[in-house]
Amino acid sequence: MLFCNGCGQTFEEVKIIEEHHPFGMSTAGEEFGVCPFCNYEDIDEAKKCERCGNYFAEDSLHNGLCECCWSDLYGE
């Protein structure tokens with residue numbers, strides 16, 4: 001499961017988009033993955049909160065809790 005840091009949606013697979021950049025007398029294509037909902041590039045692995053069950057970005061992990069539950073329990 002993946003988590004978009006732009007819109008907060010969770011999804012299974014990224015959407016592949018291609019951008020073209022000048023390269024010599026022509027262009028070169030570059031493919032990369034984005035959120036299928038908002039086309040944002042900042043995507044992390046999703047983690048399910050052990051308290052409320054909502055998904056959040058794994059890099060913002062607070063002992064298995066989402067930011068809301070962490071703040072609720074520890075007042076930070």
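Predicted model: local features only at pLDDT ≥ 70, side-chain atom pairs only at ≥ 80, totals over all residues.
Local features need pLDDT of at least 70 and side-chain atom pairs count only at pLDDT 80 or more, while totals for chains, interfaces and linings use all residues. Residues are numbered from 1 along each chain as its sequence is written, and side-chain values use heavy atoms, with hydrogens and water left out.

**Sheet.** Select the strands (DSSP runs of E, at least two residues; helices are runs of H or I, at least four; both are numbered from the N terminus). Four of them form an open sheet with antiparallel pairing, in the order E2-E1-E5-E6. Pairing here requires at least two DSSP bridges between two strands. Strand E2 (10-11) and strand E6 (55-57) are at the edges with a single partner strand each, so one side of each has no neighbour in the sheet. Now select E1 (residues 2-4) and E5 (residues 43-48): they run antiparallel and are joined by three bridges. Leucine 2 is found opposite glutamate 45 in E5.

**Aromatic pair.** There are two aromatic pairs in the structure. The criterion is ring centres within 6.5 Å for Phe, Tyr and Trp (its six-membered ring), with planes under 30 degrees apart called stacked, over 60 edge-to-face and the rest tilted. Select tryptophan 70 and tyrosine 74: the centres are 4.5 Å apart and the planes at 45°, so this pair is tilted. Both residues belong to helix H1 (residues 67-74), and because they are four residues apart, about one helical turn separates them. For accessibility, buried is under 20% relative accessible area, exposed over 50% and partly exposed in between (1.4 Å probe, protein chains only). Tryptophan 70 is buried at 14%, whereas tyrosine 74 is partly exposed at 48%.

**Cysteines.** With a disulfide defined as two cysteine sulfur atoms within 2.5 Å, the count is zero. Select cysteine 38: its closest cysteine sulfur, in cysteine 4, is 3.6 Å away, too far for a bond. Cysteine 52 is likewise in no disulfide, and the nearest cysteine sulfur, that of cysteine 49, is at 3.7 Å. Cysteine 38 is partly exposed at 35%, and cysteine 52 is partly exposed at 36%.

**Salt bridge.** One salt bridge is found in the whole structure, the criterion being a side-chain nitrogen of Lys or Arg within 4 Å of a carboxyl oxygen of Asp or Glu. Select arginine 51 and aspartate 72, whose side chains meet at 2.8 Å, N to O. Arginine 51 lies in the loop between E5 and E6 and aspartate 72 in helix H1, so the pair links distant parts of the chain, 21 residues apart. Arginine 51 is partly exposed at 43%; aspartate 72 is exposed at 52%.
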